[in-house]
Amino acid sequence: MLEARDMAVLAQVSAGLPLCPRPYAQIGMELGMDEAEVISRVTALKAQGLIKRLGVIVKHRPLGYRANAMVVWDVPDELIKELGAYISRFSFVTLCYQRPRQPEWPYNLYCMIHGKDRATVLAQLEQLNEACSLVRYERQILFSRRCFKQRGAVYQARMTG
C-alpha cells in the first residue's frame with residue numbers, strides 16, 4: 001500500500017512530466033514537496049517496480065512525420081540482442097524490441113521507423129537492411145493507417161492511512 005504523497009507523485013507522473021527545465025521541481029511545487037523529495041519518491045517507486053520505466057512519448061504527426069512503419073523480422077534468437085542493439089543506434093528508429101514468435105506470426109524482432117513520407121521510410125529501411133545484413137531474413141513492413149491516442153502508463157494503487 002502506498003502513502004498519499006506517493007499516490008500524488010504517481011498521478012502527476014502518469015499525466016506526463018511538465019515541459020520545463022526542471023520537471024520534478026515543478027511537480028514538487030504543485031504537490032507541496034521539494035524537488036529532492038519528488039525525485040526520491042520516483043526513485044523508490046521505480047525500485048519497488050511500481051513505475052516500470054519513464055520515457056518520452058513523441059507525437060510524430062504534429063511534427064510532420066506522416067509515414068510510420070513497424071518492421072518485423074524473423075531472425076535467429078541468438079542474434080536478437082546484437083541486432084537489436086545495432087538497429088537501435090539509427091536515429092530514425094524509435095523502438096526496437098523482441099517479442100515471442102506465434103504459430104500464426106513467426107516474427108521476433110520489431111522496429112518502428114518514422115518518416116515524413118513513405119519513400120523516406122523505405123530508404124531508411126534499405127539503409128538498415130544493408131548495414132545489418134537483414135535482407136536474408138523474412139520480414140513484413142506494416143505502415144500505419146491511423147494514429148491512436150498516445151499516453152503513458154496509468155497507475156492505480158491502494159493508499160495507506
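**Reading helix α1**

Reply: This is a predicted model. In α1, the buried residues are Asp6, Met7, Val9, Leu10 and Val13.

Me: Where do the buried residues of α1 fall, seen down the axis?

Reply: The general idea comes before the case. An α-helix has 3.6 residues a turn, so residues three or four places apart point the same way. Here, the buried residues of α1 fall within an arc of 160° seen down the axis, so they line one face of the helix.

Me: What do the buried residues of α1 pack against?

Reply: They pack against α2 (23–31) and α3 (35–47).

Me: How many residues does α1 have, and what does it reach from its first C-alpha to its last?

Reply: α1 has 12 residues and reaches 17 Å, which is close to the 16 Å expected at 1.5 Å a residue. Just after α1, Gly16 takes a positive phi of about 105°.

Me: Is Asp6 buried or exposed?

Reply: Buried means under 20% relative accessible area. Asp6 has 11%, so Asp6 is buried. Asp6 lies in α1, which covers residues 4–15. Setting aside neighbours within four places in sequence, Asp6 is in contact with Arg41 and Leu45.

Me: How many disulfides does a search of the whole structure find?

Reply: The search finds 0 disulfides. A disulfide needs a pair of cysteine sulfur atoms within 2.5 Å. For Cys132, the nearest cysteine sulfur is that of Cys96, 8.7 Å away, and Cys132 is in no disulfide. Cys132 counts as buried at 7% relative accessibility, while Cys20 counts as partly exposed at 30%.

Terms used. Residues numbered from 1 in each chain as written. Predicted model: local features only at pLDDT ≥ 70, side-chain atom pairs only at ≥ 80, totals over all residues. Heavy atoms only, no water. Helix = DSSP H or I, 4+ residues; strand = E, 2+ residues; numbered from the N terminus. Buried < 20%, exposed > 50% of the residue type's maximum accessible area, 1.4 Å probe, protein only. Contact = heavy atoms within 4.5 Å. Expected span 1.5 Å × (residues − 1). Arc of directions from axis to C-beta.
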